[in-house]
Amino acid sequence: MKKSKTILLIISLAVNLLLVQIFKIKITFQQVLIIQIFLFSLSFLADIIQLKFSKNKNITPAHFLMINFLRILLCVVFLLPTILKYSKSDNIYIYNFFIIYFIYLFHDIIFKRKNLNKINM
């Protein structure tokens, strides 16, 4: 799982930087890197928490909902400075953040589904 996330980080960082250069999007390398590292860390932390919860015998769907709610809350806190000092140029930064965030979510869904299929066979 760690290897898969690291590969995703490298690929999404490279593609993100490439698209910023091609379309001349007004986001700096540092901003892209901070977004990528934050989302990678958040995804990695969520996996660790889910793994600890899955070892518990009394696990309920509420545990996983709590983890996802925590992820959303941390994303809002991360974007809060940008939202509070909002200007029209910040739209691109926020869009970029959510596009990368959804890529990480789709990766988690696909990866976990593959693991469930292996377990069920």
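How far does helix H1 (residues 2-22) reach from its first C-alpha to its last? In this predicted model, local features need pLDDT of at least 70 and side-chain atom pairs count only at pLDDT 80 or more, while totals for chains, interfaces and linings use all residues. Residues are numbered from 1 along each chain as its sequence is written, and side-chain values use heavy atoms, with hydrogens and water left out.

The 21 residues of H1 reach 30 Å, close to the 30 Å expected at 1.5 Å a residue; the expected span is 1.5 Å times one less than the number of residues. Helices here are DSSP runs (H or I, at least four residues), numbered from the N terminus. Lys5, Leu8, Leu9, Ser12, Leu13, Asn16 and Val20 are the buried residues of H1 (buried: under 20% relative accessible area with a 1.4 Å probe, protein chains only; exposed: over 50%). They lie on the same side of H1, because they cover an arc of only 130° around the axis, taken from the directions from the helix axis to the C-beta atoms. Lys3, Ile10, Leu18, Gln21 and Ile22, on the other side of H1, are exposed. Just after H1 comes Lys24, with a positive phi of about 50°.

Helix H2 (residues 29-54) has its end C-alpha atoms 37 Å apart, which agrees with the 38 Å that its 26 residues should span at 1.5 Å a residue. Its buried residues include Val32, Phe38, Leu42, Ala46 and Phe53. Ser43, also in H2, counts as buried because its relative accessibility is 0%. Leaving aside residues up to four places away in sequence, Ser43 touches Lys5, Arg71, Tyr104 and Asp108 (contact: heavy atoms within 4.5 Å).

How values were computed:
Helices (H or I, at least four residues) and strands (E, at least two) are DSSP runs, numbered from the N terminus.
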